[in-house]
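Me: Hi! Could you walk me through this structure in plain words?

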Amino acid sequence: MSRLLGTIKRMFGGGGDRPPDLDATLNVLRTKTPTPVFWLVGKTQSGKTSIIKHLTGADDAVIGAGFRPTTKTTRRFDFPSSDAPLLAFLDTRGLDEPGYDATADVAALDGQAHVVVVTAKATDFAQGNVRAALEPIRAASPSRPVVLCVTTLHEAIPRQPHPTPYPFSVQESGVGGPESGTQGAGRTGAEPGSGLPNPDPRPTVPDDLRRCIEEHTRAFAGLFDVVVPIDLTRPEDGFPDPEYGGEQLKQALLTTLPGAYRQTLLRLKDATDALKDVHQRHAEPVILGYSTMAATAGAVPVPFVDMVIIPGIQARMAADLAKQYGQAMTMDRYREIAAAVGVGLVSRQLARQATKFIPVVGSAVGAAVGGASTYALGRALCYYFQAACEGHVPDAQALKAYYREQYSAAEQRWKKDAAAAKDRPPQV
C-alpha cells in the first residue's frame, strides 16, 4: 500500500515518471481487455477518417494527433487513449503507390484485427491496388469478417437527394471465407447477396448509384462478407443526413464482432448517445476505457491483487479527466474526492476478495465491482470538476449520493453485459 501511495503522489505531484511496475501491469491488462480492432484498408481520401469520426465522435484534431506508426506503411489509433483504449483502428497507407507489398503489414497486424473495413469511393473504380492488398489479408484469416464500405455516394448522384429511407438492408452473412464475398449486408435485391437496392417496397435507387455499387461488388467479389453503402459528410456540406448509412455500418460491425468485443462497442454507443454536455461527452469514453480495464483487473482470480492494481488505474483516470476539464489534480484534491465517495468502499472490496476463491463466480463479481466502482468514480470526478468549472465545490454528501447512484446503475449494467457476452455463441 505504501508503494501504491507513492505511485499516486508521483502521478499527481509531478515527482518523476510513472513507476515501470505499474506500466508493465497495465500493459498486460490492455492485452486482455476486449478492445475491438478495425483494420482499415483503402486509398487516401476514401473515407477512412470519416468512419473513425462516426464511430468515436472524435474530431479531426484528436484523430490526427492520436495516430502512431506501426509499420512503414501502417499506423494505429487508440480511442480514447492508448492508456485505456475502447476501440482501435489500424490504417494501411501507401496503397496508391506502385509496388506496395502487404506482406509486412499482414505479418504485423493479422493477429490484432477483428474486422477488416475496406473503403472505396463510389465513383472511383481504379481499385486494383486495394484488391491486391486485400487478397493476402483475406487469405491470412479467411474467417475474419470483411466489411466493404462504398463511400461518398453523393458523388455518384450530384444534385440529387439520397434515397430515403435508407434502402440497403444490413444482415449478417453467416458464412466466412472467400466464397462468401458476395453475400451479406447491404443486399438490395436484384439477386440474392448482390448488395444492390431492393426496389419494392424500398425507394428507387438512382441508376448511376446502382451501377457504382454493382461495379464495386464485382471488383471485390470473393473478398468481403458485408457491403454497406455510406455517405458520411460534414454538417456544413448541407446534406439532409450527414451520417447517411452510419447506423447501418455500426449494425454491420456489431453483427460481425465477437460477443465480448461487441459489448464494448455497444456500451460506448449507448453511453455517448445520451450525453449532451460537451465536457461529459469527451470524458465518457475515457471513463469507459479505464473502467473496462479495471473490470479486467477485477476478474483476476487471485485475492487482493486487484486491490493494488485498480487504485492505480483509477488514479491515472483521475489525472486524465482533470485534463479534460482543464483542472489541476493534486494529491489534496484527490484525497478530498476519495474521502467523499470512499466510505465503505474498502470494506466492500475486502468482502469481495473472499469470492475470488469461488471459480468463475469470483471473477465475474470482481469484474463487475472493479468496472462499476471505477465508472462511478469517473462520473463523480466529472461531477466534481464540472462544479469546479462553475466556481464552487460540490457538497460532500451530494457527491457521495451521486457516486452511489452511479455505482448501482453501473454494476447492474456490467453484470448484464457480461451475461449477454457469455450467452452469445462465439463469432468468427
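Predicted model: local features only at pLDDT ≥ 70, side-chain atom pairs only at ≥ 80, totals over all residues.

Me: Great. How many helices and strands are there in the protein?

Reply: The protein has 15 helices and 9 strands. Both are DSSP runs numbered from the N terminus, with at least four residues (H or I) for a helix and at least two (E) for a strand.

Me: And in what order do the strands of the open sheet come?

Reply: The order is S2-S3-S4-S1-S5-S6-S7, an open sheet of 7 strands with mixed pairing; two strands pair if DSSP finds at least two bridges between them. S2 (67-71) and S7 (226-229) are the edge strands, each with a single partner, so one side of each has no neighbour in the sheet.

Me: How do S3 and S4 run, parallel or antiparallel?

Reply: S3 (residues 74-79) and S4 (residues 87-92) run antiparallel, joined by 6 bridges. Arginine 75, for instance, has aspartate 91 in S4 as its bridge partner.

Me: Switching topic: what is the volume of the largest pocket?

Reply: About 1200 Å³, where a volume is the space filled by probe spheres set on grid points joined across faces, edges and corners. On a 1 Å grid over the protein atoms alone, a pocket is an open set of points where a 1.4 Å probe fits, with protein on both sides within 12 Å along at least five of seven lines; lining residues have an atom within 4 Å of a point.

Me: Which residues are closest to its centre?

Reply: Of the 49 lining residues, those are Ser50, Lys53, His54, Gly57 and Ala58. Helix H3 gives the largest share of the lining, 7 residues.

Me: What about glutamine 45, buried or exposed?

Reply: Exposed, at 66% relative accessibility; the cut-offs are under 20% relative accessible area for buried, over 50% for exposed and partly exposed in between (1.4 Å probe, protein chains only). Glutamine 45 has a positive phi, near 65 degrees, and lies in the loop between S1 and H3.

Technical notes. Residues numbered from 1 in each chain as written. Heavy atoms only, no water.
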